[in-house]
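Subject: Structure handover

Hello,

Here is the structure for your files.

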Amino acid sequence: MYIGQVSGTVVATIKHEAFHARKLLIVDRLSPEGVPTGAYDICVDVVQAGVGDKVLVMDEGNGARQILKRAVAPVRAVIVGIVDDVELDNS
Amino acid sequence: MYIGQVSGTVVATIKHEAFHARKLLIVDRLSPEGVPTGAYDICVDVVQAGVGDKVLVMDEGNGARQILKRAVAPVRAVIVGIVDDVELDNS
Amino acid sequence: MYIGQVSGTVVATIKHEAFHARKLLIVDRLSPEGVPTGAYDICVDVVQAGVGDKVLVMDEGNGARQILKRAVAPVRAVIVGIVDDVELDNS
Amino acid sequence: MYIGQVSGTVVATIKHEAFHARKLLIVDRLSPEGVPTGAYDICVDVVQAGVGDKVLVMDEGNGARQILKRAVAPVRAVIVGIVDDVELDNS
Amino acid sequence: MYIGQVSGTVVATIKHEAFHARKLLIVDRLSPEGVPTGAYDICVDVVQAGVGDKVLVMDEGNGARQILKRAVAPVRAVIVGIVDDVELDNS
């Protein structure tokens with residue numbers, strides 16, 4: 001998993017039923033310090049995240065399908081939680 | 001998933017039946033802002049995308065096989081949709 | 001697997017039961033010489049690792065689920081051990 | 001999948017029967033324009049590719065096993081076809 | 001798979017039985033020409049490789065488990081063979 005930040009949304013025509021009524025969010029991958037790394041994923045959202053939210057992203061297909069509670073779902077990345085706090089030891 | 005842009009086609013001799021009558025498209029991976037990142041995938045297409053189209057790419061084998069509705073298909077990346085709009089919050 | 005160092009913790013609201021009572025740790029990926037590479041993972045911990053510990057990280061979902069002894073667990077990276085010693089041949 | 005070019009062969013002692021009588025080829029990953037990217041894979045070959053050939057590489061284990069028609073085969077990358085032509089739109 | 005070179009060993013306390021009596025080796029990923037790329041994996045060894053040996057590494061979990069002949073083993077990278085020779089065509 002990694003820490004990300006929702007930066008936008010994608011509107012696309014996808015026929016697979018697993019995507020019906022699912023928002024597709026653009027999530028920038030952050031460093032632990034909160035700096036964008038340049039990488040991103042288009043994620044399915046299960047926690048009602050909004051643009052600007054810091055989120056936890058599960059970036060593995062089998063794990064993502066388990067979060068969605070579907071054995072069959074063509075997804076690789078899912079937003080699994082809202083990040084409340086990051087504590088870093090910089091000593 | 002990531003946002004890509006179809007930049008060409010590949011003609012290759014592949015014997016596996018899963019590829020029969022499937023176009024193989026070269027898809028450049030884009031940043032959310034629409035800039036090519038230098039990475040690409042050779043993708044199977046299920047949405048009749050053409051050169052120049054902005055597309056959504058599923059880049060995980062198990063998810064790709066589910067899009068193709070085949071348990072057995074040697075694919076890793078599939079074009080799952082045409083991107084209609086990308087909304088970025090740059091505030 | 002790779003050698004990492006725990007640099008912090010993440011507090012997040014995740015509803016999936018596999019995460020109940022599991023600490024989520026930020027683990028920086030190290031080079032064999034012990035230098036941070038810039039990459040990191042948010043890991044589930046099964047060995048009671050603490051901030052500053054050098055750890056061994058299993059970074060594959062199916063292997064991670066086996067460490068957790070759950071067929072169903074939406075995880076990709078798990079801390080599987082505390083590193084006691086790294087011996088490098090620099091001859 | 002990606003476009004590669006066979007640049008050499010590896011001779012190694014591997015005991016697993018899936019490798020018996022299989023050539024192991026070094027395949028450089030190319031950009032769509034045909035420039036080596038610096039990445040490579042050691043690939044199993046099913047199409048009798050030779051050094052210098054441009055090939056299509058399936059770089060996912062489950063897909064690779066399906067190309068080999070074996071449920072059990074410890075492979076990640078397989079040469080699935082010879083590239084006959086690459087058409088790029090550079091307009 | 002990739003070509004690697006064993007550069008050291010890791011001593012770690014891991015409780016999972018799949019690791020009992022298995023040496024954990026640090027393997028530097030090499031270019032086809034034999035130059036370290038900076039990447040590495042902590043690998044399980046099944047061929048009695050030693051520090052300095054050039055080896056072939058299977059870097060996919062399902063394939064690695066098949067080499068170990070265990071359906072359940074939390075591994076991602078396994079040394080599957082000793083490299084006897086690399087032939088590169090540099091014409």
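A salt bridge here is a side-chain nitrogen of Lys or Arg within 4 Å of a carboxyl oxygen of Asp or Glu. By that rule, the interface of chain D and chain B has zero salt bridges.

Two notes on reading this. This is a predicted model, where local features need pLDDT of at least 70 and side-chain atom pairs count only at pLDDT 80 or more, while totals for chains, interfaces and linings use all residues. Residues are numbered from 1 along each chain as its sequence is written, chains are lettered from A and ligands numbered from 1 in the order in which they are written, and side-chain values use heavy atoms, without hydrogens and water.

Polar contacts do turn up: nine residue pairs between chain D and chain B, both at pLDDT 80 or more. The term means N or O atoms within 3.5 Å; within protein, one must be able to donate a hydrogen and the other to accept it, and residues adjacent in sequence count only if both atoms are side-chain atoms.

Now the area. Chain D and chain B bury about 2000 Å² between them, 57% of it on carbon and sulfur atoms. That is accessible area (1.4 Å probe) lost on putting the two parts together, summed over both. D:M1, D:E60 and D:Q66 supply 29% of what chain D buries against chain B, more than any other three residues.

In contacts (heavy atoms within 4.5 Å), 24 residues of chain D meet 26 of chain B.

Best wishes
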